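Here's a quick tour of one structure. Have the sequence and the 3D view open as you read.

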Amino acid sequence: MGNKLSGKDLIKLGFPKNNSINIALGQINRYRKREKKESILTEAKDVLLNPEKYEGNGTWGKVAEGLIKPVQVRMHQLNNTRAPFTIFGENEIDQQAKFQLYDSLKLPISVAGALMPDAHSGYGLPIGGVLATDNAVIPYGVGVDIGCRMSLSIFDLPASHFKGREHQLEAILRDNTKFGMNEVQSSRVDHEVFHKSEFQDIPLLKNLLPKAYKQLGSSGGGNHFVEFGIAKIENPENEWKLGKGEYFAVLSHSGSRGLGANIAKHYTYLATKQCPLPKNVQHLAWLDLNTHDGQEYWLAMNLAGEYAKACHDDIHRRIAKAIGSRVVVTIENHHNFAWKEIVNGQECIVHRKGATPAGEGQLGIIPGSMTAPGFIVKGKGNAESLNSASHGAGRLFSRAKCKSTFTQSEIKKVLKKHEVTLIGGNIDEAPMAYKDITKVMSNQTELVEVLGTFTPKIVRMDR
């Protein structure tokens with residue numbers, strides 16, 4: 001008998017001649033190929049005899065599921081009618097984004113949907129799309145950058161802190177932020193997120209742990225940023241130790257880095273295999289939460305969300321230390337995630353792909369562009385928007401269109417006019433690429449109350 005485990009070895013043990021053999025071989029080749037064949041066969045025998053003991057297990061859970069109650073793989077058809085939905089700021093949204101929402105509302109698992117006023121077409125669900133489903137999670141309904149989020153730290157410093165310190169503040173951003181695929185912080189720190197059991201229990205995550213550790217405190221490319229600016233507080237919350245006024249603040253936007261991207265890729269692949277759909281909606285393939293993969297994705301997604309928060313916390317900690325001042329208020333929120341929430345009296349999975357949670361009293365930050373203010377908001381808990389609001393201004397021009405439309409000198413002119421300093425940044429993130437945030441905000445007055453604004457002054461992005 002050769003050293004490599006084969007399907008014949010498993011059939012000899014008594015495994016049924018069905019997909020459980022392929023699943024077992026796939027898991028072993030991916031995560032256990034360095035181990036001795038004999039010890040794996042001993043374990044496999046125990047799985048065969050006592051599959052219920054291995055439910056939820058990282059390596060064998062899926063095999064156990066195949067032995068107890070295999071996942072039914074069958075072609076799903078779309079419903080003829082859409083689940084109920086509401087569109088906010090309809091006149092400002094492109095047709096393709098609407099059609100993407102309409103398709104998602106015909107999925108047999110869909111309960112309700114909404115489109116935010118900053119919406120534009122995306123991959124799978126549109127950006128700005130919100131979808132409630134029945135006991136199923138759509139990896140592309142969450143997106144590739146799981147847990148992409150905003151974090152605003154307001155310091156107990158007046159807005160005038162900028163005066164005469166511009167070069168010093170630019171240096172702080174250059175030294176304490178890292179962007180893109182290759183830059184990482186030179187001084188590593190540990191974080192409690194790395195000690196969570198999911199990093200040990202789920203083989204995929206165990207493999208991604210070194211990368212996640214290395215990338216902590218860094219930001220991605222594209223529209224991710226860290227910027228200094230002025231927070232103008234108009235309606236302070238009672239618990240804030242801040243009155244009305246203008247304060248020095250830092251705002252960051254990024255997600256779960258390579259960890260989230262790999263989780264998205266892996267579970268999207270599994271979803272498309274388990275949930276065949278008509279070709280035009282294949283990106284909306286879902287995982288049933290009663291299955292091994294559905295449960296595993298849910299755990300992995302939540303871990304990626306916690307990791308994204310840890311990255312922001314680390315960036316803000318480094319910056320506060322460099323400034324030598326303390327943060328008085330932090331306002332933060334995810335905008336690429338899925339939550340368990342009650343919709344029309346039933347528990348649903350609410351996907352927000354580029355949408356801000358806006359439950360009653362929930363605080364959030366909705367950015368504009370590097371030359372337009374962002375808004376500090378409090379949710380009104382509007383059921384028609386599924387307790388959601390926009391996640392920004394939304395794109396007016398695609399990345400490709402930006403490259404053929406704008407020039408660096410035009411961007412420099414606009415930045416100069418608004419007295420904004422930009423470190424890094426590409427043409428596809430030109431301020432002109434975005435919709436008018438004031439128009440977007442006027443289309444969601446029934447979704448959020450504005451507590452204040454954040455105006456960028458020194459912006460750092462990937463090069």
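## Ground rules

This is a predicted model, so to speak of local features takes pLDDT of at least 70, and side-chain atom pairs count only at pLDDT 80 or more, while totals for chains, interfaces and linings use all residues. Residues are numbered from 1 along each chain as its sequence is written, and side-chain values use heavy atoms, with hydrogens and water left out.

## Helix α11

Helices here are DSSP runs of H or I, at least four residues, numbered from the N terminus. Take α11, residues 292-323: its 32 residues should span 46 Å at 1.5 Å a residue, and the end C-alpha atoms sit 47 Å apart, which agrees. (The expected span is 1.5 Å times one less than the number of residues.)

Buried means under 20% relative accessible area, exposed over 50%, partly exposed in between (1.4 Å probe, protein chains only). Because 23 of its 32 residues are buried, α11 is largely enclosed by the rest of the structure.

## Aromatic rings

Rings of Phe, Tyr and Trp (its six-membered ring) pair if their centres lie within 6.5 Å; planes under 30 degrees apart are stacked, over 60 edge-to-face, the rest tilted. That rule gives twelve aromatic pairs. One of them is F194 with F199, tilted, at 6.3 Å centre to centre and 45° between the planes. F194 counts as buried at 8% relative accessibility, and F199 does at 0%. Elsewhere, ring pairs link F155, F162, F228 and F248 into a cluster.

## Charges over rings

A charge sits over a ring if NZ of Lys or CZ of Arg is within 6 Å of the ring centre and within 35 degrees of the ring normal. R82 lies over the face of Y102, 3.9 Å from the ring centre. The charged end of R352 sits over W339, at 4.9 Å from the centre of its ring.

Technical notes: Helix = DSSP H or I, 4+ residues; strand = E, 2+ residues; numbered from the N terminus.
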